[in-house]
Amino acid sequence: MHLLAIGTRKGLWLATSEDRTSWSLSGPHHPMTEVYAIAIDHRRDRPRLLVGTSSSHFGPTVVTSDDLGATWDEPDHAPIAFPADTALERVWQLAPTPDPEVVYAGTQPSALFRSEDGGRTYALVEGLWKHPHRERWGAGFGGQAIHTVLPDPADPLKLTVAMSTGGVYRSFDGGSSWEASNTGIKAYFLPDPYPEFGQCVHKVSRHPSRPERLFLQNHHGVYRSDDAGATWTSIADGLPADFGFPVVSHPHRPDVIYTFPLTADGERFPPGGRCAVYRSSDGGSSWEALRGGLPDGFWTAVMRDAMCTDSADPAGVYFGSRSGEVYASADEGESWRRIAEHLPDVVCVRAAEV
């Protein structure tokens, strides 16, 4: 069975399908909570759903389900918490690692937490929280948060995170120390357009079979790194615009990536209102528009975690919009069908075979 988890600003929806052509939708789960982070954890005999929710009354938490959403484990006490002088605003990212008990969480304000019990409780990664740059990390339009967490698939001591604003940071010692890693990434809004840190990075992706190659969508700019983030090179040529939020790797082909360009930071809709996913099959050297079945008059946006792929072959590609529509492709983006509409603002989607 194929599962697509859809996080919105008013709850979680779960879509299931046997063939990726006809989908059944259930929800809302956790109604009237913001769902910005979802992980589908396959490291056990049965998959575990980890969901970061935020209630205007009860605040943020992480809930889990070991039966695909039939029941939920909602902790009595907040599983993620800062020291007493700082309040957790939102969980932006949940990232399982190759270790079946270790999960990382990226949060707002920008911090990294580590779980060693499968995502039920978390401890602050002090090395990043105490970084001397932290006082100068600013807030992007959506908040000041770590939205990307990339554990190295082969080396548990290597971690990459990205934040808005602040940029990319890397650790080589399991999170004890960190270095900014933004060489080549532009911050046009700063007096020095190529600073050590301070970039408004929107999302970073990579393929696990080639962990040294990273792809990055910036606040104006699309980049590739071939040295695990040490340096970055623009790959925006061929796109209709270099602004956007998501960048997604193909599950099997490490040179294939997907983006959803928006006109500009001041015009956050696709050029001409023409809904289009863009795919590169050569690591960003060239791009093609994938529009089969997608609408015109699409005056909305796709957010940083609102696009994903599944692990099937051919790969499925999915995205949700701020206007509450969800589109799915079962043929690597060649053709699309709308599988949901009239949902609240979609901010996160995750897909898996379960």
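Predicted model: local features only at pLDDT ≥ 70, side-chain atom pairs only at ≥ 80, totals over all residues.
The chain holds one helix and 27 strands, and its C-alpha atoms fill a box of roughly 50 × 50 × 35 Å when the box is taken along the principal axes. A compact globule of 354 residues would have a radius of gyration near 20 Å, and because the chain has 19 Å, its value agrees with that expectation. Buried residues make up 59% of the 354 residues, and, among contacts between residues at least 6 apart in sequence, 48% join residues that are at least 24 apart. The accessible surface of the chain comes to about 14000 Å², and carbon and sulfur atoms account for 48% of this surface. As for charge, the chain carries 31 positive and 45 negative side chains, with the centres of the two sets lying 2 Å apart.

Strand β20 covers residues 257–262, and it is largely enclosed by the rest of the structure, because six of its six residues are buried, where buried means under 20% relative accessible area. Strand β19 (residues 243–249) runs antiparallel to β20 and is joined to it by five bridges, one example being Val-248, whose bridge partner in β20 is Tyr-258.

Another group of strands forms an open sheet of four, in the order β11-β12-β13-β14 and with antiparallel pairing. Its edge strands are β11 (145–151) and β14 (179–180), each of which pairs on one side only. Between strand β12 (residues 159–164) and strand β13 (residues 167–171) there are five bridges, again in the antiparallel sense, and Thr-160 stands opposite Arg-170 in β13.

The backbone also deserves a careful look, since most residues other than glycine have a negative phi, and most peptide bonds are trans. What, then, is the peptide bond from Gly-27 to Pro-28, cis or trans? This bond is cis, with omega near 5°, and Pro-28 lies in strand β3 (residues 24–29). The peptide bond from Asp-313 to Pro-314 is cis as well, with omega near 5°, but Pro-314 lies in the loop between β23 (307–309) and β24 (317–320).

Met-32, with phi near 65°, lies in the loop between β3 and β4 (33–41), and Met-32 is exposed, with a relative accessible area of 59%. Ala-228 has phi near 60° and is placed in the loop between β17 (222–225) and β18 (233–234), where, at 28% relative accessibility, Ala-228 counts as partly exposed.

Note on methods: Residues numbered from 1 in each chain as written. Heavy atoms only, no water. Helix = DSSP H or I, 4+ residues; strand = E, 2+ residues; numbered from the N terminus. Rg over C-alpha atoms; globule rule 2.2 N^0.38 Å. Buried < 20%, exposed > 50% of the residue type's maximum accessible area, 1.4 Å probe, protein only. Contact = heavy atoms within 4.5 Å. Areas by Shrake-Rupley, 256 points an atom, 1.4 Å probe, with all protein chains shown as cover. Lys, Arg positive; Asp, Glu negative; His and termini not counted. Charge placed at Lys NZ, Arg CZ, Asp CG, Glu CD. Pairing = 2+ DSSP bridges.
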